[in-house]
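Please keep the structure in view while reading.

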Amino acid sequence: MSAFLFSIILPSTDAEALAYVQSTLDSQYSMYMVYGSIVTAKNETVFFTRLSSQVYLEVNDFLQLGELVPRLLTEFNEN
């Protein structure tokens with residue numbers, strides 16, 4: 001089996017918004033996304049997720065995640 005692991009910077013600096021995204025992805029789309037954060041040398045917090053390409057995943061799984069994350073962040077910010 002061959003796999004790759006990628007760290008992707010998330011388009012938000014709001015931990016509450018990302019918790020909403022994570023919860024909604026899990027409950028409504030059966031997608032589990034773990035996120036973390038680092039503090040840069042400029043004292044800025046950057047949030048990221050790690051994507052793992054496994055043999056049982058399809059390209060559409062990644063495309064769907066890429067569409068849902070910004071949509072759910074917008075939904076959170078509008079409410």
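## Packing of the two helices

In this predicted model, helix H1 (residues 15-29) packs against helix H2 (residues 59-78) at an angle of about 125°, and their axes lie 9 Å apart. That makes H1 oblique to H2, since angles under 35 degrees count as roughly parallel, over 145 as roughly antiparallel, 65 to 115 as roughly perpendicular and the rest as oblique. The crossing of H1 and H2 is right-handed.

On the H1 side the contact (heavy atoms within 4.5 Å) includes Val21, Leu25 and Tyr29, while H2 contributes residues including Leu65, Val69 and Phe76. By class, twelve nonpolar, two polar and three charged residues make up the contact of H1 with H2.

Leaving aside neighbours within four places in sequence, Leu10 touches Leu18, Met33, Tyr35, Phe47, Phe48, Thr49 and Val69.

## The chain as a whole

From the N terminus on, the elements run β-α-β-β-α, and 24% of the 79 residues count as buried (under 20% relative accessible area).

## Basis of the values

Residues are numbered from 1 along each chain as its sequence is written. Local features need pLDDT of at least 70 and side-chain atom pairs count only at pLDDT 80 or more, whereas totals for chains, interfaces and linings use all residues, and side-chain values use heavy atoms, leaving out hydrogens and water.

Definitions and conventions: Axes are lines fitted to C-alpha atoms, for helices over the stretch in contact, and angles run from 0 to 180 degrees between N-to-C directions. Helices (H or I, at least four residues) and strands (E, at least two) are DSSP runs, numbered from the N terminus. A crossing is left-handed if the near helix is turned anticlockwise from the far one by less than a right angle, and right-handed if clockwise. Ala, Val, Leu, Ile, Met, Phe, Trp, Tyr, Cys and Pro count as nonpolar, Asp, Glu, Lys and Arg as charged, and the others, Gly among them, as polar. Buried means under 20% relative accessible area, exposed over 50%, partly exposed in between (1.4 Å probe, protein chains only).
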